[in-house]
Amino acid sequence: MERLGLGPDVAQFEKDFAAFCGAQHCLAMNSGTSALHIALRLLEIGPGDEVITTPYTFIATTWAILYTGAKPVYVDIEPDTFNLDPKLLEKAITPKTKAVLPVHLYGHPFDVDAIAATCKKHQLPLIEDACQAHGATYKGKTVGTLGAMSCFSFYPAKNLGAIGEGGAFVTNDAAFAARAKSLREHGSTVRYHHDEVGYNYRMEGIQGAVLGVKLKQLQKWTDARRRVAKRYAESLAGTPLRLPREAAGCESAWHLYTVRSDRRDELKKFLDANGIGNAVHYPLPLHLQKAVASLGHKAGDFPVAEQASREVLSLPMFPELTDAQVQRVAVVVKEFFRK
Ligand SMILES: Cc1ncc(COP(=O)(O)O)c(C=O)c1O
C-alpha cells in the first residue's frame, strides 16, 4: 500500500522538484486544481472573500476560487503576453480582496515585479498559477518561488507530464507546507486523527516514479522548446501573423506557441485541411462561461481577453518538433496568406 499512494518515489520527486524550482518545499498532489484549492484553503479564503485573477486561462484557476466559496474578481490581460495586466490590478482591489492569483499563461511569466509590488502595497499574498510554466524564468529565477506559493500541473499534456493526473504545491514557507501536507491527506498527520476538513489529494506512487524519471529530462526539453520557438519566429517573420515574444527579463517555458490573426477561423480550417495540428486556447474567456453566469458579467467587460479569444491559434509545439516540421508549418501558413 505504501507505494501506491504517495510513498518513497513521490517523496523523492518532491525533493527533486523543489530543487528544480529553487524552493524549500514541494507537496505532490493529484492535480494542479487540487494544489490551487489547497493554496486558497491555507489563506483561510472562503465565502465573502474576493480573489483577483485572470479571465483568460484554463477554468481550473477559477474553480479553485469557487470551491472555497470566494468570488473570482477578473482583471483584463495584456495583449502581448496574455497575462493579467498589472496596470489594472490596483483598481480591482477592495476590502474583501484576500489574494491575487495570476497565471503564467502558455509558459510565459506574468509581470512579477509589477504585480508583486501592488500585492506588497496592499499586503495581499501572491499565488502563482504555474500549471503551464515548469522551468520558465523571470529575471533569472525559476517561476514557482516568486510569490507566497505556487501550483503546478502534471497533466500528461504539460511540459512535465505524468501518465495520468498530477500536480504540486510549492512554497518556501514551512508552516504552509506542513498544513498543505495534512490537507491533502484528509486533514490528518496522525492516521485516523483529523484536525480539520481535508481532502484525498494524494499523488499516486506510480506518478511520482514516472515524474522523477522525466524531471531529469525537463531542462533539455525546455531548451528544445526554446529552439522550436526561435525557428517559428524566423520562419513566420514577415507573415501577417502576430507572433508571441518574450518580455524583457522573461524566458518562457513555451508550453504553447500561440499566434494571433484576425483571420483565425479561416486559418484554422486551412491548417486542419493540410494536416497541421492546431488548437484554440481559449475560445471563450472565463467571465463569459455559463458556469460563472452568477457573477453577472457581459461581453465587453474584458475586451482584451475577448479579442484574444477571437484571434489566438496554437501551432504544434513539443520538444521533438524538427526544423523541417516547423518549415512545413510555415509553408502552409504562407500559402494561406497568399490565397
Ligand atoms: C493554467 C492552469 N491552471 C490550472 C490547471 C489545472 O491543472 P490540472 O488539470 O492538473 O488540475 C491547468 C491545467 O489543466 C492550467 O493550464
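**Entry 1: two phenylalanines and the ground rules**

I began with the burial of two phenylalanines, and found that Phe17 is buried and that Phe152 is buried as well. By the cut-offs I used, buried stands for a relative accessible area under 20%, exposed for over 50%, and partly exposed for what lies in between, with a 1.4 Å probe and protein chains only. I note that this is a predicted model, in which local features need pLDDT of at least 70 and side-chain atom pairs count only at pLDDT 80 or more, while totals for chains, interfaces and linings use all residues. I also note that residues are numbered from 1 along each chain as its sequence is written, and that side-chain values use heavy atoms, with hydrogens and water left out.

**Entry 2: aromatic pairs**

I then turned to the rings, where a pair of aromatic rings is described by the distance of the centres and the angle of the planes. My rule was that rings of Phe, Tyr and Trp (its six-membered ring) pair if their centres lie within 6.5 Å, with planes under 30 degrees apart counted as stacked, over 60 as edge-to-face and the rest as tilted. The count by this rule is 14 aromatic pairs.

Tyr74 and Phe302 are both buried. I also found one aromatic cluster, formed by Phe13, Phe17, Phe20, Phe152 and Phe154.

Is strand E2 covered on one face or on both faces? In strand E2 (residues 50-53) both faces are covered, with Glu50 and Ile52 buried on one side and Val51 and Thr53 buried on the other. E2 runs parallel to strand E4 (residues 97-101), and four bridges join them, with Val51 standing opposite Ala99 in E4. E2 and E3 also pair in the parallel sense, over four bridges, and here Val51 stands opposite Pro72 in E3. From E2 the chain passes through helix H3 (residues 60-68) to E3, and this β-α-β crossover is right-handed. I call a crossover right-handed if, with the strands pointing away from the viewer, the path from the first strand over the helix to the second runs clockwise.

**Entry 3: a three-strand sheet**

I next followed an open sheet of three strands, which has the order E7-E6-E10 with antiparallel pairing. Its edge strands are E7 (141-142) and E10 (250-251), each of which pairs on one side only. Strand E6 (residues 137-138) is joined to E10 by two bridges in an antiparallel arrangement, and Tyr138 stands opposite Cys250 in E10.

**Entry 4: backbone details**

Lys139 lies in the loop between E6 and E7, and its phi is near 45°, a positive value in a residue other than glycine. Lys139 counts as exposed, at 53% relative accessibility. Leu6, in the segment before H1, also has a positive phi, of about 55°, although it is not a glycine. Is Leu6 buried or exposed? With a relative accessible area of 12%, Leu6 is buried. I also noted that the peptide bond from His281 to Tyr282 is cis, with omega near 15°, and that Tyr282 lies in the loop between H9 and H10.

**Entry 5: the chain as a whole**

Buried residues make up 56% of its 339 residues. The C-alpha atoms fill a box of roughly 70 × 45 × 35 Å along the principal axes.

Technical notes: Two strands pair if DSSP finds at least two bridges between them.
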